[in-house]
Amino acid sequence: MENISGLVTLAQIVVTMSPTIFFSMLLFLLPLYLLLIACRKSSKKLPPGSLGFPIIGQTFSFLSAMRKNRAEEWLQDKIRKYGPISKMSLLGAPTVFVCGQAANKFIYTCDDSLLANQQPSSIRRLCGERNILEMSGHEHKRVRGALVSILKPEVLKQYVGKMDEEVRKHFKIHWHGKKKVLAMPLMKTLTFNVMSSLIFGIEQSAKREILVELFKQLLKGVLSVPINFPFTCFNRSLQAREKIRTIVMDLIHEKRAAMEDQITSPRQDLITTLLSLRNADFSAALSDEEIVDNVILIMIAGYDTTSILLSFLINILANNPSVYASVLQEQEEIAGSKVSEDLLTWDDLQRMRYTWRVATESLRMTPPVFSFFRKVLKDFEYEGYLIPKGWQVAWAACMTHMDECVFPNPSDFDPGHFDKQASVPPYSFVAFGGGARICPGYEFARLETLITIHYLVNRFTWKLCHPNTSFSRDPLPIFKDGLEIEIEPKIPTKVN
Ligand code: HEM
């Protein structure tokens, strides 16, 4: 998810800020930073490594490696020098970097009085104070319970048809009649529209177009310096948030009234479902503010991540004829069992096992969220080293994803790595995170991906316009050419 990881946004902030702002911040943070280091007079030893130049530390070197798509090598280099636990300084904070399955397990399962989710202030201000990322302990459990209850398979089952219609509509409007398309921006349009239809219940309309533009503006602010002066990007994003808030509040009032008048089902869309959730004493499970803030967060969390997965799948299928042939065979069999107007069903999606293994393998090799950060709330010891309060702990998904003891020949794209899901050790595949904060949108992303690939391979053939197209992490993976492809429809005229 674009903005889940502290790195994702902090990195952008550092990258996009002007040198003057950066150096003013440096002057401000330097004394704090030195104080934090100086206070660490403890008998326990800190992990090996170097904190580098105060505040800046290894930030620029790491971000540059991310942009060149060499972050994994960069981290491997640290591991070679210092071992699996080392200290460094990233994004303005002293950091302990840990890697490996045991480290993942420790972080995902440790008590939340030790490590807390860490978000830059821009997220809090743009998503709102009551978004789930800001919460911990009991509050986090309560809000997460509500989100999981609307994103669980039993609920999403009912929305397969609606998703299917959105995907068909997308191909009809944006792909048919075209010779070339930029696949990556189109996958973003598609995932936005699917989420907008399912979550807000807003179908294709002027209102949806307004919402798309507002979200685009809001997202720009998440990736900018959070300074709220008139005419700054962040200021425009805050204004967009206010407008989105008004739209969502209006929707909540409309939907609540419709439910009271019994002219809508409590399952009409995910906001309606959230509104209908009750505590044991029949009070509302979430306040209206909590619904607004979490709906905005869900849009941000689900929109880019899934569109990145879909874009990488388009690239993979173009480059791997044998994988493409197997996906096509699976999808043709499913299409063959239906009349062309039939919508896909939940059962059809359960039959798309190979296609989902291909998607999972894509997430293994290119996880949209590459590294994760947590804030250390109190001193603790890990593997004999002191992890000091006020520092941050960082880990990277790729370290276990590319571990050859877990995934033999890890640099080869091989969906066979997931033939026996049960044989993948826990906390080794962490594209969706783990533990109490594991992604609740997994099933949503799975359905959206499978439905899209079904229509893509059954209705089009495509080839890359730039066969050796590369991507960078900025900080999310992005194809430099937008993934331009030449397309040909398989069914030129009759499209639902
Ligand atoms: C391929 C698609 C996706 C990927 C790779 C992904 C990845 C992740 C990861 C790695 C985390 C945990 C981050 C951490 O531990 O700090 C996360 C959390 C989250 N994701 Fe996703 N995500 C995806 C799609 C979605 C979708 C479609 C939704 C919503 C419909 C969603 C909603 C969320 C939310 C609300 C959280 C926060 C959970 C919490 O803090 O308890 N994600 N996601």
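Colleague: Which residues in H19 do Val327, Leu328, Gln331, Glu332, Ile334 and Ala335 in H15 meet?
Modeller: This is a predicted model: local features need pLDDT of at least 70, side-chain atom pairs count only at pLDDT 80 or more, and totals for chains, interfaces and linings use all residues. Residues are numbered from 1 along each chain as its sequence is written. Helices are DSSP runs (H or I, at least four residues), numbered from the N terminus. Those H15 residues meet (C-beta atoms, placed from the backbone, within 7 Å) Ile453, His454, Val457 and Asn458.

Colleague: At what angle do H15 and H19 pack?
Modeller: H15 covers residues 321-336 and H19 covers 442-459. Their axes (lines fitted to C-alpha atoms over the stretch in contact, with angles from 0 to 180 degrees between N-to-C directions) lie 9 Å apart. The angle is about 95°.

Colleague: How do H15 and H19 lie to each other?
Modeller: The packing angle is about 95°. Angles of 65 to 115 degrees count as roughly perpendicular. H15 and H19 are therefore roughly perpendicular.

Colleague: Is Ser428 buried or exposed?
Modeller: Ser428 sits in the loop between H18 (397-401) and H19. A residue is buried with 20 or more other C-beta atoms within 10 Å of its own, exposed with 12 or fewer, and partly exposed in between. Ser428 has 20 such neighbours, so the residue counts as buried.

Colleague: How far apart in space are Ser428 and Val406?
Modeller: Beyond four places in sequence, Ser428 is in contact with Gln101, Thr400, Asp403 and Val406. Ser428 and Val406 are 22 residues apart in sequence. C-alpha to C-alpha, the distance is 7.4 Å.

Colleague: How many of the 32 residues of H14 are buried?
Modeller: H14 runs over residues 288-319. The helix is mostly covered. The buried count is 28.

Key: Helices (H or I, at least four residues) and strands (E, at least two) are DSSP runs, numbered from the N terminus. Angles under 35 degrees count as roughly parallel, over 145 as roughly antiparallel, 65 to 115 as roughly perpendicular and the rest as oblique. Two residues are in contact if their C-beta atoms, placed from the backbone, lie within 7 Å.
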